[in-house]
Amino acid sequence: MSPGMSLYSVNAILILSSEDGSRIFTKYYNPPHQAANPGGAPAVQNPYPDKTAQTRFEKALLQKTAKQTGDILLFDNRIVLYKMESDVALYVVGGVDENEILLYNVLLALRDSLHLLFKQSVDKRTIVENYDLVSLAVDEICDDGVVLETDPTIIVQRCSKAPSQDVNLSRIDPFSEQGVNNLAQLGKAKLTDWLRQGL
């Protein structure tokens with residue numbers, strides 16, 4: 001693996017109000033283990049370590065992208081991919097040497113997952129009212145900056161799946177034909193769930 005390559009591709013996922021730049025949802029990632037660079041120097045730390053630095057970055061980023069028509073730019077020595085949706089702006093921020101296509105797929109996964117989850121326009125009010133689902137979707141897409149999933153249908157299934165009810169096995173008679181059928185159906189349902197989730 002070359003020194004510039006890392007699994008930790010995403011620096012931040014942001015959802016900001018496009019009207020005033022206020023935060024709706026922000027998540028900044030730091031790799032859990034900071035490896036030293038060749039020569040023994042410590043690795044570069046997150047350039048946005050506190051809320052003040054993060055807010056300054058977010059305001060400047062929104063000003064830069066508010067009148068842009070593209071969906072990618074180099075800003076503050078970071079690759080930023082973004083999409084505007086009604087009154088919100090979705091951002092995925094990565095290092096300058098990261099794969100833009102991977103980051104773009106993360107952005108599309110976020111946007112499409114939110115559209116599937118809400119079945120309506122993605123706007124500030126909907127995101128605030130369903131903050132838990134947004135947080136779950138982002139966690140399914142990315143963990144500690146490592147991209148886990150970019151298929152919006154799988155992400156939505158994992159976020160909106162009702163908790164499975166525990167079956168009282170003591171009420172199933174394993175010696176009757178109906179009991180055997182019930183156990184077989186239960187096993188089939190569990191196997192299907194495991195296969196859908198990739199074991």
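Helices (H or I, at least four residues) and strands (E, at least two) are DSSP runs, numbered from the N terminus. Under that assignment, Asp76 belongs to the loop that joins β3 (72-75) to β4.

The model is predicted, and local features therefore need pLDDT of at least 70, side-chain atom pairs count only at pLDDT 80 or more, and totals for chains, interfaces and linings use all residues. Residues are numbered from 1 along each chain as its sequence is written, and side-chain values use heavy atoms, with hydrogens and water left out.

## Overall organisation

The secondary structure of the protein consists of six helices and seven strands. Their order along the sequence is β-β-α-β-β-β-α-α-α-β-β-α-α. Of the 199 residues in the protein, 35% are buried; here buried means under 20% relative accessible area, exposed over 50%, and partly exposed in between (1.4 Å probe, protein chains only). Contact is taken as heavy atoms within 4.5 Å. Among the contacts in the protein with a separation of 6 or more, 53% join residues 24 or more positions apart.

Helix α2 (residues 100-118) and helix α4 (residues 131-141) have axes that come within 10 Å and cross at roughly 145°. The axes are lines fitted to C-alpha atoms, for helices over the stretch in contact, and angles run from 0 to 180 degrees between N-to-C directions. The crossing of α2 and α4 is right-handed; a crossing is left-handed if the near helix is turned anticlockwise from the far one by less than a right angle, and right-handed if clockwise.

On the α2 side, the contact involves Val106, Ala109, Leu110, Leu114, Leu117 and Phe118, which meet Leu133, Val134, Ala137, Val138 and Ile141 in α4. The residues of this contact divide into 11 nonpolar, no polar and no charged. In this classification Ala, Val, Leu, Ile, Met, Phe, Trp, Tyr, Cys and Pro count as nonpolar, Asp, Glu, Lys and Arg as charged, and the others, Gly among them, as polar.

Leu133, Val134, Ala137, Val138 and Ile141 of α4 are buried. They cover an arc of only 135° around the axis, which puts them on the same side of α4; the arc is that of the directions from the helix axis to the C-beta atoms.

Helix α2 has 19 residues and spans 27 Å from its first C-alpha to its last, close to the 27 Å expected at 1.5 Å a residue. The expected span is 1.5 Å times one less than the number of residues in the helix. The buried residues in α2 are Leu103, Val106, Leu107, Ala109, Leu110, Ser113, Leu114, Leu117 and Phe118. Seen down the axis of α2, they fall within an arc of 155°, so they line one face of the helix.

In helix α5 (residues 152-160), Pro152, Ile155, Val156 and Cys159 are buried. Their arc, viewed down the axis of α5, is 95°, so these residues line one face of the helix. The buried residues of α5 pack against α2 and α4.

## Loop residues with positive phi

Most residues other than glycine have a negative phi. Asp76 has a positive phi of about 55° although it is not a glycine, and its relative accessible area of 47% makes it partly exposed. Asp144, in the loop between β6 (142-143) and β7 (146-147), likewise has a positive phi, near 55°. At 34% relative accessibility, Asp144 counts as partly exposed.

## Residues brought together across the sequence

| Pair | Separation in sequence | C-alpha to C-alpha distance |
|---|---|---|
| Arg78 and Asn11 | 67 residues | 8.8 Å |
| Pro32 and Gly145 | 113 residues | 9.5 Å |
| Asp20 and Leu62 | 42 residues | 9.0 Å |

Arg78 lies in strand β4 (residues 78-85) and, at 15% relative accessibility, counts as buried. Leaving aside neighbours within four places in sequence, Arg78 is in contact with Asn11, Pro47, Tyr48, Leu73, Val93, Gly94 and Gly95.

Pro32 is placed in the loop between β2 (23-28) and α1 (51-65) and is partly exposed at 46% relative accessibility. Not counting residues up to four places away in sequence, Pro32 touches Tyr8 and Asp144.

Asp20 lies in the loop between β1 (10-17) and β2, and a relative accessible area of 45% makes Asp20 partly exposed. Beyond its neighbours within four places in sequence, Asp20 is in contact with Lys59, Leu62 and Lys124.
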